[in-house]
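Please examine the sequence and the structure shown below.

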Amino acid sequence: MEGYIYFIEAVDTPFTKIGLTSKNPFLRINQLQTGCPHELRMTACYWVPDIHTAEKQIHSRFSKYRKRGEWFDLSHVSIKWDVQERQEEVVIGYDGEPVPF
């Protein structure tokens, strides 16, 4: 299933949610905001042809940073993601500033 892999940061925390959606990713951030006491901000979002495989690979790659469920402490991580299905490299800069997309 095609869709989006997103990185959503809980502002003023070290935590980032890495998730997937087949719908508008900004609707997803609104859903998550309802149950979260911290402001949430999208730091990266990419369309991929197979969201389930991509999410599983990304979660596996960052498993040592996992804190709970789909929340990771990526505060000191520079992420370079190679999307093999699309034969391109996507660089995700993670320095606390939103990444344009």
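## A loop residue

V11 lies in the loop between β1 and β2; helices (H or I, at least four residues) and strands (E, at least two) are DSSP runs, numbered from the N terminus. The model is predicted: local features need pLDDT of at least 70, side-chain atom pairs count only at pLDDT 80 or more, and totals for chains, interfaces and linings use all residues. Residues are numbered from 1 along each chain as its sequence is written, and side-chain values use heavy atoms, with hydrogens and water left out.

With a relative accessibility of 14%, V11 counts as buried (buried means under 20% relative accessible area, exposed over 50%, and partly exposed in between, with a 1.4 Å probe and protein chains only). Neighbours within four places in sequence aside, V11 is in contact with H38, E39 and R41, where contact means heavy atoms within 4.5 Å. The C-alpha atoms of V11 and L40 are 5.9 Å apart, although 29 residues separate the two along the chain.

## A buried lysine

K17 belongs to strand β2, which covers residues 15-21. Is K17 buried or exposed? K17 counts as buried, because its relative accessibility is 6%. Not counting residues up to four places away in sequence, K17 touches Y6, F7, I8, R28, L32, E70 and W71.

## Nonpolar cores

A nonpolar core is a set of buried Ala, Val, Leu, Ile, Met, Phe, Trp, Tyr and Cys residues joined through side-chain atoms within 4.5 Å. The largest has 13 residues, of which I5, F7, I18, I58, F62 and L74 touch the most other members. Two or more residues of this core come from each of β1 (3-10), β3 (40-48) and α2 (51-61). Another core, of 9 residues, lies apart from it and includes I8, A10, L40 and M42.

## The aromatic pair

The whole structure holds 1 aromatic pair. F62 and Y65 form this pair, which is tilted, at 6.5 Å centre to centre and 45 degrees between the planes. Rings of Phe, Tyr and Trp (its six-membered ring) pair if their centres lie within 6.5 Å; planes under 30 degrees apart count as stacked, over 60 as edge-to-face and the rest as tilted. F62 is buried, at 8% relative accessibility, whereas Y65 is partly exposed, at 27%.

## The whole protein

The protein has 2 helices and 7 strands, in the order β-β-α-β-α-β-β-β-β along the sequence. Of its 101 residues, 41% count as buried. Among contacts between residues at least 6 apart in sequence, 60% join residues at least 24 apart.
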